[in-house]
Amino acid sequence: MKEKRKPQVTVLGGGTGMPVLLRGLKEYPIDLSAIVTVADDGGSSGRLRTEMAMPAPGDIRNVIAALSDVEPMLMELFQHRFKNGNSLSGHSMGNLLLAAMTAVTGDFYNGIKEISRVLNVKGNIYPIANQNMFLHAEMEDGEIISGESNIPLANKRIKRVFLKPEPVLPLPEAVQAVEKADLVVIAPGSLYTSTLPNMIVPEIGDALKNTMGKVVYVCNVMTQQGETSGYSAADHVQAITDHIGKGSIHSIIVNNEPIVGDVRKVYAEENAEPVVYDTDRLKEMGLEIIEADIIDHSKKMLRHDTEKVAKLLYSLLIQ
């Protein structure tokens, strides 16, 4: 008897928001793919990409950790970050392993595949590109800021972000994973420095418009200083539309639980505030609005709840 095809779910993103979604989704009977940004240039990732001319490994490392099924001690080792003042300080073990495997296999993507095999990763992990690339931002005042880590520090309104060198060639497997997906999920995260770097690669932008599946954006819960201060949910969507054109997002998931108390105070100190959900504008954009309590209320920092979001996303597949 022929086995029933599992639904294909492809998640795009980077930063801290993406692993949260993946950790929950890997528990469901789906064929899961993650397309991950490699434009990071800060910390350990930045040093390795400069010294070894390789794509940034940090976001990939966190995705491997989220999708891996190994003993906790092995994962602790993989995520270990060296301290003390020596040449290893600040590097994480996983980044070094990815750098070593890239050198051994001669190719970043092959290195990811080998480490994924060793660490029993559930799903496919695709770097957005197999080459070293750099993120730049043009500000509203015309200034160009180079480097992912420098963009939020400028603390100016961002007009657009773009990648160099051009053209950035995405992995054909990544493009295919978007085109053939039953559900494409745009993960929450820093809008201009984690979310958009994947989507502004032209072939990926085209694949989002042409995919047979539903494209759903899990909207950020809080604004971020230097990137989205004062942005409503519709402003987030508008920024994506401005970069890749209309018709690329079908649905938006927004948090409908009020954010109060100490957590709100902590964010206020960082000049961050809850993202306002301007329902009328979102409807005018033709978006289906999915409201739910998607926050993990047990954490000191606001995080999407792994299980709640995964359950909600899976429910979109079986409607």
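R49 lies over the face of F134, at a distance of 4.2 Å from the centre of the ring. The contact belongs to a predicted model, in which 11 salt bridges and 3 aromatic pairs are also found. The points below take up the charged contacts and then the aromatic ones.

**Salt bridge between loops**

- K156 and E143 form a salt bridge in which the closest N and O atoms are 2.3 Å apart.
- Because K156 lies in the loop between β5 (144-146) and β6 (158-164), while E143 lies in the loop between β4 (134-139) and β5, the pair ties together parts that are 13 residues apart in sequence.
- K156 is partly exposed, with a relative accessible area of 31%, and E143 likewise counts as partly exposed, at 34% relative accessibility.

**Salt bridge between strands**

- K214 and E288 meet through their side chains in a salt bridge, with an N to O distance of 2.9 Å.

**Salt bridge between helices**

- R281 and D235 are joined by a side-chain salt bridge of 3.0 Å, taken from N to O.
- This pair links distant parts of the chain, since R281 sits in helix α12 (residues 279-284) and D235 in helix α10 (residues 233-244), 46 residues apart.
- R281 is partly exposed, with a relative accessible area of 32%, and D235 also counts as partly exposed, at 23% relative accessibility.

**Salt-bridge network**

- Beyond these pairs, E138, K159 and R160 are linked with one another in a network of salt bridges.

**Aromatic contacts**

- Among the 3 aromatic pairs found in a search of the whole structure is that of Y192 and Y231, whose ring centres are 6.3 Å apart and whose planes stand at 80°, so the pair is edge-to-face.
- The two tyrosines link distant parts of the chain, with Y192 in helix α8 (residues 191-199) and Y231 in the loop between β8 and α10, 39 residues apart.
- Both Y192 and Y231 are buried, whereas K156, for example, is partly exposed.

Terms used. Residues numbered from 1 in each chain as written. Predicted model: local features only at pLDDT ≥ 70, side-chain atom pairs only at ≥ 80, totals over all residues. Heavy atoms only, no water. Salt bridge = Lys/Arg side-chain N within 4 Å of Asp/Glu carboxyl O. Helix = DSSP H or I, 4+ residues; strand = E, 2+ residues; numbered from the N terminus. Buried < 20%, exposed > 50% of the residue type's maximum accessible area, 1.4 Å probe, protein only. Phe/Tyr/Trp six-rings, centres within 6.5 Å; stacked < 30°, edge-to-face > 60°. Lys NZ or Arg CZ within 6 Å of the ring centre and 35° of its normal.
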